[in-house]
Amino acid sequence: MAPAKGMKYEEELKKNPDLKEEDIQMLREWYKKQPHLPPISDSVLALFLHSNYYRMEPTKATIDTYFTVRTHVPEFFSNRDPFGSKELRKAFQTVTVQVLEKKTPEGYAILYGKLIDDDPSNYVYNDGMKYLSMVIDLWLYKEGTTPGHIILFDMKNVVFGHAARLSPMGLKKYLYYLQEALPVRLKGFHFMNITPVMDVILNMMKPFMKKELLDMLHTHTTLDTLSKFLPIEILPNEAGGKAGALSQLHEKSLKEVEENREWFLEEERTMRVNESLRPGKGKSASDLFGVEGTFKKLEID
């Protein structure tokens with residue numbers, strides 16, 4: 001497989017009758033007055049506009065937040081060389097993340113994630129999220145707009161030892177990015193094969209989830225309830241589906257990430273904000289997320 005080709009703007013116009021050239025033109029004009037932002041192609045502007053259902057002001061806010069978060073959360077968005085980072089290499093052996101080949105009848109794409117190494121001591125949340133983001137980034141670059149996305153985490157073999165390796169700040173950062181910045185139309189957030197540890201994890205996540213995300217959050221102990229939301233056969237064999245062996249699907253997804261090494265390196269070099277050029281006052285991570293460590297203080301009071 002050669003490195004991925006990006007979705008072309010002309011293809012986006014064909015795919016989306018609601019996508020208007022004049023809206024993109026307005027975004028281009030706005031964007032020229034934002035010296036802190038990196039260069040953004042028309043096809044990427046189309047992705048942001050589509051994910052915000054063609055509403056102009058929310059689109060501008062999402063674009064700014066997207067590049068700002070990616071600049072100020074290095075634990076998810078820096079050192080993304082699939083060969084040069086030993087932390088990433090370990091993450092590739094610990095979790096699998098893939099966009100499933102088949103979509104739902106509505107045309108929604110499914111992002112599936114699962115542990116492939118059950119030992120909690122090998123699980124590092126930040127590196128897992130970094131891998132997850134790389135898979136999503138590459139997929140959005142290749143596929144462009146999609147009617148909707150479903151995130152499905154298979155919780156098989158997740159134990160209390162894994163939950164102990166999560167931090168409220170780490171969850172807050174990713175959930176903020178997912179809700180405020182990622183240019184997708186999220187249609188569902190599902191956890192399958194859940195065990196009692198899920199209550200602990202959800203209690204950590206819920207303070208950082210808006211009503212819209214909570215409303216699309218569903219947990220499943222059996223495939224019966226999951227089947228109301230998506231066809232089970234499109235899942236990997238091990239999850240009860242017919243899409244193929246998880247090890248093969250994992251290998252394929254990982255190979256794609258590796259083959260696009262140059263794209264990841266270039267993205268990290270060029271697609272970040274320059275806070276010194278931001279109109280008004282520059283932003284920092286604490287502006288976005290509050291101060292690290294405040295959670296501990298709250299618990300003691």
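How many residues does helix α2 (residues 21-32) have, and how far does α2 reach from its first C-alpha to its last? The points below take up that helix, then the sheet, and then some single residues and aromatic pairs. The model is predicted.

1. Helix α2 has 12 residues and spans 17 Å between its first and last C-alpha. That is close to the 16 Å expected at 1.5 Å a residue.

2. The buried residues in α2 are Asp23, Ile24, Leu27, Arg28, Trp30 and Tyr31. They cover an arc of only 165 degrees around the axis, so they lie on the same side of α2. An α-helix has 3.6 residues a turn, so residues three or four places apart point the same way. On the face of α2 turned away from the buried side are the exposed residues Glu22 and Lys32. The cover over the buried residues of α2 includes α1 (9-15), α3 (42-51) and α4 (56-72).

3. The sheet is open and is formed by 5 strands in the order β1-β2-β3-β4-β5, with mixed pairing. At its edges stand β1 and β5 (217-219), each with a single partner strand, so one side of each has no neighbour in the sheet. On average, neighbouring strands of this sheet are turned by 15 degrees against each other, direction ignored.

4. Two helices lie across β1 and β2. Helix α6 (residues 86-94) is one of them, running at about 80 degrees to β1. Helix α13 (residues 246-259) also lies across β1 and β2, at about 75 degrees to β1.

5. The pairing on the two sides of β2 can be read strand by strand. β1 and strand β2 (residues 108-115) run antiparallel and are joined by 5 bridges. In this pair, Thr96 stands opposite Lys114 in β2. β2 and β3 pair in the parallel sense, over 7 bridges. Here Tyr108 is opposite Gly148 in β3, and Lys114 is opposite Asp154 in β3.

6. Strand β3 is mostly covered, with 7 of its 7 residues buried. Gly148, Ile150, Leu152 and Asp154 point one way from β3, while His149, Ile151 and Phe153 point the other way. Residues on both sides are buried.

7. Tyr112 is located in strand β2. Its relative accessibility is 0%, so Tyr112 counts as buried. Apart from neighbours within four places in sequence, the contacts of Tyr112 include Thr96, Val97 and Gln98, as well as Leu152 and Asp154. Others in contact with Tyr112 include Met192, Pro236, Ala239 and Leu246. Arg70, by comparison, is 42 residues from Tyr112 in sequence and 22 Å from Tyr112 in space, C-alpha to C-alpha.

8. Beyond neighbours within four places in sequence, Thr104 is in contact with Ile110, Ile150, Phe229, Leu230, Pro231 and Ile234.

9. The model has 16 aromatic pairs, counting rings whose centres lie within 6.5 Å. In one of them, the ring centres of Phe153 and Phe191 are 5.7 Å apart and the planes are at 40 degrees, so the pair is tilted. This pair links distant parts of the chain, with Phe153 in strand β3 (residues 148-154) and Phe191 in strand β4 (residues 186-192), 38 residues apart. Both Phe153 and Phe191 are buried. Phe189 and Phe191 have ring centres 5.2 Å apart and planes at 55 degrees, so this pair is tilted too. Both Phe189 and Phe191 are buried.

10. One aromatic cluster is formed by Phe48, Tyr66, Phe67, Phe76, Phe77, Tyr125, Tyr174 and Tyr177.

Terms used
Residues numbered from 1 in each chain as written. Predicted model: local features only at pLDDT ≥ 70, side-chain atom pairs only at ≥ 80, totals over all residues. Heavy atoms only, no water. Phe/Tyr/Trp six-rings, centres within 6.5 Å; stacked < 30°, edge-to-face > 60°. Helix = DSSP H or I, 4+ residues; strand = E, 2+ residues; numbered from the N terminus. Buried < 20%, exposed > 50% of the residue type's maximum accessible area, 1.4 Å probe, protein only. Pairing = 2+ DSSP bridges. Expected span 1.5 Å × (residues − 1). Arc of directions from axis to C-beta. Contact = heavy atoms within 4.5 Å. Axes fitted to C-alpha atoms, helices over the stretch in contact; angles between N-to-C directions.
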